[in-house]
Amino acid sequence: MDQPTVGILHPGSMGAAVAACATTNATAVLWCENGRSTASVERAARFGLTPVATLAELLDRSDIVISLCPPAAAEDLAHDVAGHHFAGVYVEANAINPERTQRIAALLSDATVVDGGVVGSPPVGGKTPTLYLSGPADATARIETLFADTVVQAEVLGTEVGKASALKLSYASFQKASRVLVALAVGMAREHGVDQELIEVASRRTDSYLSEPEYVAKTAARAWRWGPELEEAADTLAAAGLPPEMLRAAASTLARWNDAKDDGELTLTNALDRLARP
């Protein structure tokens, strides 16, 4: 099969790194620079992505489009794509709940929609995330081929759109909420002057997130993305008849860090100070 042309919407830290892996088996990986920030332009150039001026040009030239954006923007972006009658393979790889993924699949009636969910960190510095896929077999096979022999491991879950989204949010609900609990536990201990003792107790169990308090600062810097993911997971719990309140509370806690967006200089102390503010 000829190598496809791929479009990425939009190259954030995860999207750009995943798209860069796709360049191994693609003729080109395109992105639309119209209206994007200087940081996005620099990131796309660093990962070797090819800029185009408009969304229409990207869609006209692309055989496969991968959508990786903040969860809240997923449906608006799909509406834009639907307006251009894109007829290729559309990989809905955002952290959204299965019902939203299915709505997007119905909206993109001209395209073949593949449900995707990335589990793991962006594929840089030795990281090897897994891109879980579900949807029509011929389309998921094309995405497997696209990422063959790259550090993104593609794994097909079946033909039902929604399965990949469900797995992504199921994992995120544990992993991200657990990091929030670490921040609260360390913050409580610090208030009473026993934070180092808490960490010492936790270090006796090597499988405990509580033994990694330094990750609190990273959690704070990612809170602007993680909070909406947990809201999506809470909606998925509610749809399954399960109580969503725990995940909504974790999302509300993360919202206190929204102004720390991608702050790589944040320390544990500063993160806890921001969390404790009224």
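Residues count as buried when their relative accessible area is under 20%, as exposed when it is over 50%, and as partly exposed in between. With that in hand, welcome to the views of this predicted model.

**View 1. R103 sits in helix α5.** This helix covers residues 98-107. R103 has a relative accessibility of 46%, so it counts as partly exposed. Look for E75 as well: R103 and E75 are 28 residues apart in sequence, and their C-alpha atoms lie 8.4 Å apart in space.

**View 2. C32 and C69 are both without a disulfide partner.** A disulfide is a covalent bond between the sulfur atoms of two cysteines. Here the closest cysteine sulfur to that of C32 belongs to C69, but it is 13 Å away, which is too far for a bond. A search of the whole structure finds zero disulfides. C32 is buried, at 6% relative accessible area, and C69 counts as buried too, at 13%.

**View 3. The whole protein brings together eleven helices and eight strands.** Its radius of gyration is 20 Å, close to the 19 Å that the globule rule gives for 278 residues, so the protein is as compact as a globular protein of that length. Its C-alpha atoms fill a box of roughly 60 × 45 × 35 Å along the principal axes. Of the 278 residues, 48% are buried.

**View 4. The surface and charges of the protein complete the tour.** The accessible surface comes to about 13100 Å², and carbon and sulfur atoms account for 52% of it. There are 23 positive and 35 negative side chains, and the centres of these two sets are 5 Å apart.

Methods:
Residues numbered from 1 in each chain as written. Predicted model: local features only at pLDDT ≥ 70, side-chain atom pairs only at ≥ 80, totals over all residues. Heavy atoms only, no water. Disulfide = S-S within 2.5 Å. Buried < 20%, exposed > 50% of the residue type's maximum accessible area, 1.4 Å probe, protein only. Helix = DSSP H or I, 4+ residues; strand = E, 2+ residues; numbered from the N terminus. Rg over C-alpha atoms; globule rule 2.2 N^0.38 Å. Areas by Shrake-Rupley, 256 points an atom, 1.4 Å probe, with all protein chains shown as cover. Lys, Arg positive; Asp, Glu negative; His and termini not counted. Charge placed at Lys NZ, Arg CZ, Asp CG, Glu CD.
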